Amino acid sequence: MFTIDTIVHRLRHGCRTMAFPDGPRPELPDRHGGALRVDATKCADGCAACVPVCPTHAIAREPQKPVALDLGKCIFCAACIEACPTHAITQTNDFRMAGRTREDLVLGKPGLEELRLAAALGEKLRKLFGRSLRLRQVSAGGCNACEADVNVLGTIGWDLGRFGIQFVASPRHADGLLITGPVSRNMELALKKTYAAVPPPKLVIAVGACAIAGGPFVDHPQIRNGAQLILPVDLFIPGCPPHPLTILDGLLRFLGRID
Amino acid sequence: MNSPHEFYLLSNGASVPWADVPEWTVNELVDATAAELDRGGRLCAWFGVPENPGVRLVAVVAFDADNTLAVARSTPVTNSYPSLTLLHPQAHLFEREVWEQHDLTPAGHPWLKPVRAQNGDQPVQGRFFRVEGREIHEVAVGPVHAGIIEPGHFRFQCNGEEVLYLEIALGYQHRGIEEALIGGPHLVSVNQMETIAGDTTIGHATAHATILEALAGAEAPLRAQWLRALALELERLANHTGDLGALAGDVAFLPTSSACGKIRGDFLNLTALISGNRFGRGLVRPGGCRFDLETERAAQLLGMLRTALTEVEEAAGWLWDSNAVRARFEMTGAVSHEQAGEIGLVGPPARASGLLRDVRFDHPAGWHRFAQIPVAVWPGGDVLARTEVRWIEIQRSGKFLEEQLAAPPEGSIREVISPPAPNTLAVALVEGWRGEICHVALTDAAGKFRRYKIVDPSFHNWPGLALALRGQAISDFPICNKSFNLSYCGFDL
């Protein structure tokens, strides 16, 4: 009997939701690599071997200044790691990557070798959103990878709903926007209208290299280089695409649900 | 062939000197292409190459039964040429694109309007087809949709609940990918190929790598071709499983919906086991692959694969056991065999309308020359058929992976290839999970890309969704849409 079968299956499967963040986090693939670390003191004099190999212009080195790697622009291709003769750029295997400002994602200077993880919202907004956050997702030129790994947070394994975070169908019901994609010019008006329809106070979260700074499409005339050029962004989550764990960590950190 | 105009014939993943591509007047090209389509050919690509003055048109036609591709070009034309769409509707979007990109009017085209052109901060909105009458109402949906999904605009003409006509207007995701390739390949080109449609990273990256290898007169090492074939099937498994779940979700059948959402992630994690990235970013590169699948890793992958396959079989079983689900899928959103052929559907929607079309079988390149997967065909053309085709493909991809993992070829995974040959045209087809991916490249005298045409399977298939909705209740749109699951960004480029 089909109905009984279904119930039996469900009982047998039990709870499929992961223990994280109270228990252990899901295992990451060994080749994932995680966030980067840049120790500019290791750079050889005048060496800029990493600069031309970066496909998204995420690395700069001005004369007499330390190398600067912008994790917001980074698509984690690891070309710079392979090119660096002194191992100044390394992988940390740390999945945590969300930052509150663009400057927090720039690595290199002494003391700033790693990104500065996002601080929680101020007390007032935390009271409003900390236990109940409704987001409208807008894909503005996104390739459907960031979208897919945001979507996966709604599945039984991740169950974003247990944190009071939910994606809603109308901006009128939302506390903020989660934006993916570099903001194609063709989506600019729709994005602005969607933002305007969200009642204040409102938050904006940029997920993925594209939404932060244009990603692999940086400087194309058909796009804007990320959401920040159009709207005030409160949280940046790097990656191409970011692992679901990276996105979840960013959201929880932002709401002050984990330290 | 009795036609006075003989196309140049080549196989998938091959190149031809530009000078050897037959050149006819544009009227002859339209007639000859129409004649080939009449006798069973299929239009893979139809695009312009700018000359000074004028534009040349290039036709790429596939003869699936002969495992052969055919190319020809026109002499430079200006202003207009006789429309091919009047004879073969499958040329409809291609001709609109040519008109938009090169200002070349296909005279007599029945519905000439923009495809993805920009108008300031939104796409150019042409006029929409309207059904007139006091009882008719219009429903406009998008660009921003209710879920976590890409943007596009749907315009329904309805009589009550019944959809008389659906028009789909896209372009919102346009990122200028084809334009950026001119003068390339650039450093960032391969990363852009991986994000044409991010859920088809392996498919598009493999097509691009095949193009560069064909232009270099080289081939990737066998072990790399094997790895690409594995990754392509993992990509198919993840997406088809996600689609089964989404279809179940849209008819409120939650057991399969929740199970497949999780299993889809398990398949993505298999790709991540190879390349570190759940979508396979960084795996396929011109000349080979960047990551190897060592014996131990392959054994781990096989173990995880078997678990996921067992779970998806169970979840699909619940779906097929439910009369309510089957009844909801059956006779919903049907595209007939004839319509599917006329509009040139590809991939699962074509096979679900009974058409035997699969690049892996019809135009084998790379590893598929040595290892085949039976084509999954189902009659009916409805949501049920499109779901069946996906389910059969899940099983066959799983079996293929199990077989292939047992017998890996040895050797290197990457070789340095020479730069692209000058003044050469190359064509590469790959059967992505949505269907036929077609890349065509033409190099200039310096071996740089002079033109690079990308045809995502969604370019062929969006009109199929519009047809599926005719005469359907508007409330059937979600399951019809999920049963196609087309790419917005792959179409918009």
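1. Among contacts in chain B between residues at least 6 apart in sequence, 68% link residues at least 24 apart. Two residues are in contact if their C-beta atoms, placed from the backbone, lie within 7 Å.

2. This is a predicted model, in which local features need pLDDT of at least 70 and side-chain atom pairs count only at pLDDT 80 or more, while totals for chains, interfaces and linings use all residues. Residues are numbered from 1 along each chain as its sequence is written, and chains are lettered from A and ligands numbered from 1 in the order in which they are written.

3. A compact globule of 493 residues would have a radius of gyration near 23 Å, and the 22 Å of chain B agrees with this. The radius is taken over C-alpha atoms, and the globule rule is 2.2 Å times the number of residues to the power 0.38. The C-alpha trace of chain B spans about 70 × 60 × 45 Å along its principal axes.

4. Of the 493 residues of chain B, 58% count as buried. A residue is buried if 20 or more other C-beta atoms lie within 10 Å of its own, with C-beta atoms placed from the backbone.

5. Chain B has 16 helices and 18 strands. Helices (H or I, at least four residues) and strands (E, at least two) are DSSP runs, numbered from the N terminus.

6. Chain B is assigned domain 1 (8–107) and domain 2 (185–440); such bounds come from an automatic or database domain assignment. The centres of the two domains, taken over C-alpha atoms, are 28 Å apart. In chain B, 22 residues of domain 1 are in contact with 20 residues of domain 2. The domain 1 side of this contact divides into 15 nonpolar, five polar and two charged residues. Ala, Val, Leu, Ile, Met, Phe, Trp, Tyr, Cys and Pro count as nonpolar, Asp, Glu, Lys and Arg as charged, and the others, Gly among them, as polar.

7. Helix H1 (residues 26–38) of chain B has 13 residues and reaches 18 Å from its first C-alpha to its last, close to the 18 Å expected at 1.5 Å a residue. That expected span is 1.5 Å times one less than the number of residues. Among the buried residues of H1(B) are Val26(B), Leu29(B) and Val30(B). Their cover includes S4, S5 and S6 of chain B. Just after H1(B), Gly40(B) takes a positive phi of about 105°.

8. Between chains, 46 residues of chain B are in contact with 49 residues of chain A. H7(B) gives the largest share of the chain B side, nine residues.

Conventions: Buried ≥ 20, exposed ≤ 12 C-beta atoms within 10 Å, placed from the backbone.
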